[in-house]
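Colleague: I'm new to reading protein models. Could you walk me through this one, feature by feature?

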Amino acid sequence: MFIDKVKVFIKAGDGGDGVVSFYTEKYISNGGPDGGDGGAGGNIVFVADDRKTSLGDFRHGQVLRAEHGARGEPAYCMGKTGKDLFVAVPRGTIVRDFETGGILADLFDDGARVVALKGGRGGKGNARFKTSRRQAPNFAQLGVKIEQKAVVLELKTIADVGLIGFPNVGKSTLLSVVTRATPKIANYHFTTLSPNLGVAKFYDMHFTVADIPGLIEGASQGAGLGLDFLRHIERTRMLVHVVDISGVEGRDPVADFKAINKELKEYSVVLASAPQIVVLNKCDILPEEELKKAITNFAKKTRTKPIAISGITRNGLDNLLKEVVKTLEKIPPLAPLEYEPFEYAPRDTTEYDIIKTDDGFEIVGGMMDELQRNVVLDNPDSVRYFQKRLKDQGVLKALRRAGIQEGDTVRILDVEFEYNE
């Protein structure tokens, strides 16, 4: 199943907790703290892979999880770092943050990668908290917990040439004869339900060709499959507009040509101005005199210089390939999107808010989350550190400005205590 846009959830690994440990050995009663730090959590890394052609692996919107860091160990041993999770996606995939729409990466080149979400830092073991005044700290720091994020993966096909035109005009047949691609071909509309890619060769020149399906009138407003696949044309250097000149289906070639160009213009002015070669296909169906008349009429009404071909008999293909190569040599190569990279910033550990409640006050924010990592409330040393941080960061003054009174209840995370001056 071809899928080119999905929403997935990513969860980098949490940092491992630091450990409380004291060195012990025969005849040594006070060896001192030797608790090691926790390991860092694994990152979520997206990698472009040319072998991938669809985002179908992610169609169920699963959560992609990296490994957590391991907790520290005695003897100053650091916990194991969590393994990064490498997620292979097709080349041309854009990774966006779901909430803001910010672009984390445009994975334009094969092998390109981006760390979409970094793992959490490991917590410090109790050996890190030893000071001249605190010889035997009985507490350690927790690892940083990482919040789950939602991202959108959007695939935009990268090709030198994009084949456009109404369904059943012979785009897939043309792709199959100028490249080694083997698209499904049949005589009914919407045989092609996904972009097909192939590599064409003309003498020593190689270029990629993509068959872009689903374009009909109203495509730029969402009719049919057009809106889903118009995004794929944005990544092509030039367009080959295939028109059925035979009219065997009762369609007007001139009207079809104008309708498709109208959809391109309404979707993107830049896309509509891309170099375009017009190809009149199925020329083998009409008698010679009738064919000449149809080509002349089309060229006059559209003010173009079309190339007449037959995908079945392969007549005119050399002329087409020669013109494609000539055009490609004049235009610049494709380039990645220009954008301001979006990054998930670490939570601000200095901000906090004081909320008045029915029975007292509650303090919330990044500072409180950080304190939770560092404080063990059943340890006197840790509690003193906790009180010092509240004083140094101005939290106690802010409480007094908020109107706190002696004996009021203060709640921080899951802990409640009574306020005393």
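**Reading the model step by step**

Modeller: Let's start with the surface: the protein chain exposes about 22400 Å², and carbon and sulfur atoms supply 50% of that. Accessible areas come from the Shrake-Rupley method with a 1.4 Å probe, and for residues only the protein chains shown count as cover. Keep in mind that this is a predicted model, where local features need pLDDT of at least 70 and side-chain atom pairs count only at pLDDT 80 or more, while totals for chains, interfaces and linings use all residues. Residues are numbered from 1 along each chain as its sequence is written, and side-chain values use heavy atoms, with hydrogens and water left out.

Colleague: What secondary structure does the protein chain have?

Modeller: Helices (H or I, at least four residues) and strands (E, at least two) are DSSP runs, numbered from the N terminus. Here we get nine helices and 18 strands. The radius of gyration is taken over C-alpha atoms, and the globule rule is 2.2 Å times the number of residues to the power 0.38. For the protein chain the radius is 32 Å, well over the 22 Å from the rule for 421 residues, so the chain is more spread out than a compact globule. Its C-alpha trace spans about 105 × 55 × 35 Å along the principal axes.

Colleague: How do I read a sheet, say the one with β4, β2 and β7?

Modeller: Two strands pair if DSSP finds at least two bridges between them. In this open sheet the order is β4-β2-β7, with mixed pairing. β4 (85-90) and β7 (113-117) stand at the edges with a single partner strand each, so one side of each has no neighbour in the sheet. Strand β2 (residues 44-49) runs antiparallel to β7, joined to it by four bridges.

Colleague: What counts as a salt bridge, and how many does the structure hold?

Modeller: Look for a side-chain nitrogen of Lys or Arg within 4 Å of a carboxyl oxygen of Asp or Glu. The structure holds 18 of them. One joins the side chains of D14 and K11 (2.7 Å, N to O). Another joins K145 and D17 (3.7 Å, N to O). K145 is in the loop between β7 and β8 (149-155) and D17 in the loop between β1 (5-11) and β2, so this pair ties together parts 128 residues apart in sequence. There is also a network of salt bridges linking D359, R411 and E416.

Colleague: Is D14 buried or exposed?

Modeller: Buried means under 20% relative accessible area, exposed over 50%, and partly exposed in between (1.4 Å probe, protein chains only). D14 is buried, and K11 is too. D17 is partly exposed because its relative accessibility is 28%. Over the protein chain, buried residues make up 48% of the 421.

Colleague: What does Q141 touch?

Modeller: A contact means heavy atoms within 4.5 Å. Leaving out residues up to four places away in sequence, Q141 touches several residues, including D17, F129 and R373. Q141 is in the loop between β7 and β8, and counts as buried at 7% relative accessibility.
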